[in-house]
Amino acid sequence: MAKIIHSMIRVLDLEASQSFYQEAFGLKATHELDFKSYKLAYLRNEETDMEIELTLNKGETTPYTHGTGYGHIAFCVDNLDTEYERFKSLHFEPTDIVEFAPDNKLVARFFFVKDPDGYKIEVLQRHGHYQ
């Protein structure tokens with residue numbers, strides 16, 4: 001059996017990215033590795049041991065393209081409406097809340113936000129499959 005341990009994204013400003021993930025989701029650096037040409041920071045919170053690995057390629061100044069392959073990272077929260085208002089107050093510019101309810105059966109309530117490098121993040125209300 002395999003266990004998912006992290007997902008990696010490339011960032012241009014490690015400090016700005018760490019600040020965003022701390023403020024938005026309570027993720028803190030648990031481990032950092034600093035090499036000659038790049039630096040890695042592993043972030044997580046008490047909710048899970050799965051981490052986001054932020055990779056800073058030193059000297060890189062050109063914004064990364066996300067192409068057509070990257071989709072999003074998802075977080076679930078206890079109170080979507082409260083988090084939505086908090087994100088707005090932090091000027092994170094969340095999209096409108098969407099309710100996905102085919103046949104009038106709620107499957108998911110969510111909004112999206114982008115991190116400093118433009119990576120999409122889905123924020124879902126804890127419900128059903130999304131716990």
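## Close-up views of a predicted model

**View 1. Asparagine 79 caps helix α2 at its N-terminal end.** A side-chain oxygen of asparagine 79 lies 3.2 Å from the backbone nitrogen of aspartate 81. The model shown here and in the other views is predicted. Helix α2 covers residues 80–89. Just after α2 comes histidine 91, with a positive phi of about 60°.

**View 2. Helix α2 has four buried residues: Leu80, Glu83, Tyr84 and Phe87.** Seen down the axis of α2, these buried residues fall within an arc of 105°, so they line one face of the helix. An α-helix has 3.6 residues a turn, so residues three or four places apart point the same way.

**View 3. Four strands form an open sheet in the order β1-β4-β3-β2.** The pairing in this sheet is mixed. Its edge strands are β1 (6–11) and β2 (28–34), each of which pairs on one side only. On average, neighbouring strands are turned by 20° against each other, direction ignored. Strands of a sheet pair through backbone hydrogen bonds, either parallel or antiparallel. Here β1 and β4 (residues 51–57) run parallel, joined by six bridges. Methionine 8 has glutamate 53 in β4 as its bridge partner.

**View 4. β2 and β3 make a hairpin.** Three residues lie between the two strands. The strands run antiparallel, and six bridges join them. Leucine 33 stands opposite leucine 40 in β3.

**View 5. Helix α1 lies across the strands β1, β2, β3 and β4.** The helix covers residues 14–25, and β3 covers 38–44. Helix α1 runs at about 160° to β4.

**View 6. A second open sheet has the strand order β5-β8-β7-β6.** This sheet also holds four strands with mixed pairing. β5 and β6 (98–100) stand at the edges, each with a single partner strand, so one side of each is left without a neighbour in the sheet. Neighbouring strands are turned by 30° against each other on average, direction ignored. β6 and β7 pair in the antiparallel sense over three bridges. Valine 98 has phenylalanine 110 in β7 as its bridge partner. Helix α1 packs on the sheet, touching β5, β7 and β8. The direction of α1 makes about 10° with that of β8. Helix α2 packs on the sheet too, touching β5, β7 and β8. The direction of α2 makes about 15° with that of β7.

**View 7. Aspartate 34 and lysine 58 form a salt bridge.** Their closest N and O atoms are 2.5 Å apart. The pair links distant parts of the chain, 24 residues apart. Aspartate 34 sits in strand β2, and lysine 58 in the loop between β4 and β5. Aspartate 34 counts as exposed, because its relative accessibility is 51% and the cut-off for exposed is over 50%. Lysine 58, at 39% relative accessibility, counts as partly exposed. A search of the whole structure finds 10 salt bridges.

**View 8. Arginine 126 meets glutamate 47 in a salt bridge.** The N to O distance between the side chains is 2.7 Å. Arginine 126 belongs to the segment after β8, and glutamate 47 to the loop between β3 and β4. The two are 79 residues apart, so the pair links distant parts of the chain. Glutamate 47 is exposed, with a relative accessible area of 57%.

**View 9. Aspartate 78 also meets arginine 126 in a salt bridge.** Here the N to O distance is 2.6 Å. Aspartate 78 lies in the loop between β5 and α2, 48 residues apart from arginine 126 in the segment after β8. This pair, too, links distant parts of the chain. At 59% relative accessibility, aspartate 78 counts as exposed. Salt bridges that share partners join Glu47, Asp78 and Arg126 into one network. Side chains of opposite charge can pair when their charged atoms come close.

Definitions and conventions: Residues numbered from 1 in each chain as written. Predicted model: local features only at pLDDT ≥ 70, side-chain atom pairs only at ≥ 80, totals over all residues. Heavy atoms only, no water. Pairing = 2+ DSSP bridges. Axes fitted to C-alpha atoms, helices over the stretch in contact; angles between N-to-C directions. Contact = heavy atoms within 4.5 Å. Buried < 20%, exposed > 50% of the residue type's maximum accessible area, 1.4 Å probe, protein only. Arc of directions from axis to C-beta. Polar contact = N/O pair within 3.5 Å; in protein donor to acceptor, adjacent residues only side chain to side chain. Salt bridge = Lys/Arg side-chain N within 4 Å of Asp/Glu carboxyl O.
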